[in-house]
Each structure stands twice: as C-alpha cells, then as structure tokens.
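Subject: Structure handover

Hello,

Here is the structure we talked about.

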Amino acid sequence: MELSVPKHIAIIMDGNGRWAAERGLDRIQGHTEGVSAVLRTVDACLQKGVKYLTLYTFSTENWKRSEEEVSALMMLLGEALSKYLPDFMEKGIKLTTIGDVAALPKSVYAKLEDVRIKTQDNDQIVFNLALNYGGRDELVRTCRRVIDAGLKADELTEEVFESHLDSAGMPDPELLIRTSGEMRLSNFLLWQVSYSEFVCIPEFWPEFGPELLEKALVDFNNRERRFGGR
C-alpha cells in the first residue's frame, strides 16, 4: 500500500539520557547518538517527500539542566551546523528556526544565522529547529507582536494571530511523533498541533530512523481525520 505522506511532521525527540543510561554511558553520549538519529530522520523524510520537518531540539525548560549538559548540547549543535552545511546544500535542505534563538550563546546564534542564510534558497525540505522554544513563550511573544503591530481587538482573527507566530508561513503539522513512550506535549507547538495526529512510540530517540518513521506513517494512515466533524 502506498502511504499518504504528511506535508509537515513534527517530532518531540525524547529519551537520549535514558538510552545512554541503559547502556552505562553518560548523557552526552546519548545526545551525540541523538544527532545521528536527526541526520537519519532528515534523509528519511527527504526520501518520503516530506516538505517540513520540525524537531523539538532545545526547550525553554532545558536551561534548568546542568551547566555541563547545556554546554555540551550547544557544542553539539554548533559542530553539527558547521559539519553538515555541505550536506544541506547538496540535498536542498533549508534550515529555519522557531523560538527565541537570539538568546542562545553568541557563537551558536552566529552559526545558525550563517547556515540559515546560506540555505535559504534550498527547496527540497524545510528543516525547522525549535530552539530555546516553549509553546507558552511563543504565544506570549506572539501577543506582543500583535500589540506592537497596533492591531485593534476586532481586527484580530485566527489567521492574523497565526501570521505573527514563530512558524508563520508554515503549514500546521499533520503528524506529531514522540519517542520514548511518553504521552505529553511538553509545551511544544501548543497552537500548531490542535488537529495533528499524535503517534507515540516506545523507542528512545537515538534508535529512531527510517523504519520507525515508516511505522509512524502506517499508524498515521490508519487514522480517520475528522477535524471535529463527522
């Protein structure tokens, strides 16, 4: 059976630390393996024809982790951006971000901007990283933008509000995947996933790849999407 492929898939990448703990490794090694899973997933989505892939990469709550872990995560992000830019250019991958990225360490923010600008004309897939991102924080910042735009209350519609979100211009995700068996949103895309199909898989994020993406797509294809109607 040929599967219907969502235009936009969003993923809560969960379980790096637990994957490492089960193997007697430290959390940083789990995050390193998580980067490999990201690359496998981008390639798998490219092959499937997915046009938008949003990954919950670093939340506003992740700053509460140890200084060592946060520093390691920022280092991994910076190194990956530099290392895989040629791959992005070759495969037509366009990097975008949502979240308050200007608050990231200056060196990481500079690399993000460099890769974003160099890949802005690529057109095979939008690879969207949620960084220093929280759904509630996004909604508050969106309200501020609406106010700053001088809109009156009776001028505010769902469409106008959406046009001020971090994700403005992107379609809402049809499919939201979460790894590691947890079944919660964790403050991710609170507006955008209102009608997304939620597929929760037990495997940890470092185990994710083409096979688990295929299983999620099969599950998605078995859903009847009614959007509140019959």
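How many nonpolar, polar and charged residues does the lining of the second largest pocket have, by class? It has four nonpolar, three polar and five charged residues. The classes run as follows: Ala, Val, Leu, Ile, Met, Phe, Trp, Tyr, Cys and Pro count as nonpolar, Asp, Glu, Lys and Arg as charged, and the others, Gly among them, as polar.

First, the ground rules. This is a predicted model, with residues numbered from 1 along each chain as its sequence is written. Local features need pLDDT of at least 70, side-chain atom pairs count only at pLDDT 80 or more, totals for chains, interfaces and linings use all residues, and side-chain values use heavy atoms, with hydrogens and water left out.

**Pockets**

The second largest pocket holds about 200 Å³ of space. Its lining is Glu158, Glu162, Asp172, Pro173, Glu174, Trp191, Gln192, Ser194, Tyr195, Ser196, Arg225 and Phe227. A pocket here is an open set of points on a 1 Å grid over the protein atoms alone, with protein on both sides within 12 Å along at least five of seven lines; lining residues have an atom within 4 Å of a point. Points are joined across faces, edges and corners, and a volume is the space filled by probe spheres set on them.

The largest pocket has a volume of about 840 Å³. It is lined by 39 residues, and Met13, Asn16, Tyr56, Thr57 and Phe58 are the closest to its centre. Two or more lining residues come from each of α1 (16-22), α2 (27-48), β2 (52-59), α3 (67-91) and β4 (125-133). Helices (H or I, at least four residues) and strands (E, at least two) are DSSP runs, numbered from the N terminus. α3 gives the largest share of this lining, ten residues. By class, the lining splits into 21 nonpolar, nine polar and nine charged.

**Cavity**

The whole structure has one cavity of 30 Å³ or more. A cavity is a set of grid points where a 1.4 Å probe fits but cannot get out. The largest cavity holds about 40 Å³. His8, Thr54, Asn128, Ser167, Met170, Pro171, Asp172, Pro173, Leu189 and Gln192 line it. Four of these residues are nonpolar, five polar and one charged.

**Two loop residues**

Leu189 is not a glycine, yet its phi is positive, at about 50 degrees. Leu189 lies in the loop between β5 and β6. Leu189 is buried, because its relative accessibility is 3%. Buried means under 20% relative accessible area, exposed over 50%, partly exposed in between (1.4 Å probe, protein chains only).

Ser186 also sits in the loop between β5 (175-178) and β6 (197-200). Its phi is positive too, near 55 degrees. At 29% relative accessibility, Ser186 is partly exposed.

**Helix packing**

The axes of α3 and α4 (residues 106-118) come within 10 Å and cross at roughly 15 degrees. α3 is therefore roughly parallel to α4. Angles under 35 degrees count as roughly parallel, over 145 as roughly antiparallel, 65 to 115 as roughly perpendicular and the rest as oblique. Axes are lines fitted to C-alpha atoms, for helices over the stretch in contact, and angles run from 0 to 180 degrees between N-to-C directions.

α2 and α7 (residues 210-221) pack at about 50 degrees, with axes 9 Å apart. So α2 is oblique to α7.

Best wishes
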